[in-house]
Amino acid sequence: MFEKILIANRGEIALRVARACRELGVRTVAVHSTADRDSAVVRFADEAVQIGPPPSRASYLNAAAIVEAARRTGAQAVHPGYGFLSEDADFADICAENGLVFIGPPPQVMLALGDKAKARDVLGAAGLPLPPGSREPAPSSTHAAAVAAEIGYPVIIKAAAGGGGRGMTVVTDEADLAPAYHRTRQTARAVFGDDRVYLERFLTQARHVEVQVLCDGHGNGVHLGTRDCSVQRRHQKLIEEGPAPTLPAAMLDEMAAVALRGALAVGYVGAGTFEFLVDENDQFHFIEINCRIQVEHPVTEMITGVDLVQEQIHIACGTPLRLRQPDIRPRGVAVECRVNAEDPQRGFTPTPGRLDRFEIPGGPFTRVDTHGHTGYVVGPHYDPLLAKVVVWAPDRELALNRMERALSEFEVRGPGVHTTVPFLRRVLDDAMFRKGRLSTGLVGRLLDESSQTRTA
């Protein structure tokens with residue numbers, strides 16, 4: 001086991017990793033920007049190193065500063081959390097060149113799978129079902145138009161290097177294709193430094209279902225069941241639950257098996273998530289893989305009892321996977337709600353500011369992953385995620401009731417600060433959601449209904 005791990009992230013995931021390390025008896029180093037000098041992980045970690053000013057490119061994306069902090073403190077490994085450098089193959093290479101273990105997939109695997117266009121090609125060859133679309137990035141709007149004509153509208157244009165719901169444009173009409181193509185390339189170039197894009201058929205009423213996998217460096221792997229992430233806005237998830245409700249069990253089993261087969265075929269190592277869309281005929285289509293721990297990993301932890309972060313660390317140490325497929329026995333239902341400092345009434349605009357009151361829920365089978373506290377200042381530089389509220393229950397109805405109860409206890413106050421809690425409670429109250437009739441269009445429908453109510 002490592003003696004010391006540097007956590008190259010911030011917020012709730014940095015604290016989550018630090019807690020996992022403390023339980024394993026591993027010392028931790030937190031790195032932080034000047035804006036995060038008083039953050040929860042800085043207080044919790046054994047050591048802390050300031051690595052730069054608030055802008056991410058000067059701190060949490062500054063690979064040289066992070067590696068220098070690891071070398072100076074004697075850390076043996078780097079846990080990148082999610083976001084920032086977590087899927088950066090170059091950073092993993094830099095870690096290796098400096099004698100540090102990157103806790104994640106090997107750089108060559110990330111290179112093959114982190115690029116969405118390449119991942120489609122590689123995993124399509126491994127037998128995963130793909131939605132209709134381009135096999136290669138579209139080099140021109142004319143080429144994109146030809147692909148769209150072949151697969152039919154609506155289509156979605158995606159940045160090959162995209163992530164976090166950015167760099168995607170849905171096009172419903174041929175006349176809009178060329179401007180959307182150029183606009184998406186500009187966004188991709190600005191955000192990811194890579195303007196390659198590709199096309200897929202856009203499934204309007206699809207379910208978004210994902211499969212968690214764990215694989216070691218010895219050719220062993222397991223899947224840990226499914227999560228439904230259909231409740232999302234602008235391709236970012238708001239509510240997740242596991243297992244995916246109301247879908248045929250045989251189909252979910254097949255999806256999980258296919259995901260694991262794909263992971264082993266490409267030599268995947270670590271924790272990863274295969275994402276699928278399920279169409280209205282219950283046919284599933286692979287769309288991408290996240291080569292890291294995910295925001296919604298607690299859902300899987302709650303229904304399997306497996307600490308995914310600790311398993312990541314064991315795998316990174318070179319330990320053979322400690323689990324076999326029969327050991328994975330998902331039980332009950334878990335639901336997670338992301339509480340963001342955003343105003344749903346103003347298009348989910350971030351609402352930075354000081355938290356004069358921050359009271360989190362408690363109660364049975366309720367877990368809250370957060371770095372927030374009274375006095376905490378939500379800054380303008382980073383993702384506005386405040387907390388993840390996760391509940392478990394033997395069945396879905398009780399889990400949803402438990403989540404409603406938990407959210408009713410969540411109290412956040414501060415000048416100008418709003419949260420997504422009211423909107424999350426509205427989703428939980430929606431009759432279609434309650435019936436498990438989910439789709440990626442659910443949030444849009446609720447927002448349209450709100451707009452019509454305000455106009456009337």
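Modeller: A salt bridge here is a side-chain nitrogen of Lys or Arg within 4 Å of a carboxyl oxygen of Asp or Glu. Please note that the model is predicted.

Colleague: How many salt bridges does the count come to by this rule?
Modeller: The count comes to 35 salt bridges. One of them joins E12 and K388, whose closest N and O atoms are 3.1 Å apart. E12 belongs to helix α1 and K388 to strand β21, so this pair ties together parts that are 376 residues apart in sequence.

Colleague: Are E12 and K388 buried or exposed?
Modeller: Both E12 and K388 are buried.

Colleague: What about E449 and R445 in helix α15?
Modeller: Their side chains meet in a salt bridge at 3.0 Å, N to O. E449 and R445 are 4 residues apart in α15, which means that about one helical turn separates them. E449 is partly exposed at 32% relative accessibility, and R445 is partly exposed at 31%.

Colleague: Which residues do salt bridges with shared partners join into one network?
Modeller: That network consists of E210, R227, K237, E240, E275, E296 and R338.

Colleague: Turning to the helices, at what angle do the axes of α7 and α8 cross?
Modeller: They cross at roughly 120° and come within 9 Å. The angle makes α7 oblique to α8, and the crossing is right-handed.

Colleague: Which residues meet there?
Modeller: From α7, S141, A144, A145 and A148 meet L177, A178, Y181 and H182 of α8. The residues of this contact divide into 6 nonpolar, 2 polar and no charged.

Conventions. Residues numbered from 1 in each chain as written. Predicted model: local features only at pLDDT ≥ 70, side-chain atom pairs only at ≥ 80, totals over all residues. Heavy atoms only, no water. Axes fitted to C-alpha atoms, helices over the stretch in contact; angles between N-to-C directions. Helix = DSSP H or I, 4+ residues; strand = E, 2+ residues; numbered from the N terminus. Parallel < 35°, antiparallel > 145°, perpendicular 65-115°, else oblique. Left-handed = near helix turned anticlockwise from the far one by under 90°. Contact = heavy atoms within 4.5 Å. Nonpolar A, V, L, I, M, F, W, Y, C, P; charged D, E, K, R; others polar. Buried < 20%, exposed > 50% of the residue type's maximum accessible area, 1.4 Å probe, protein only.
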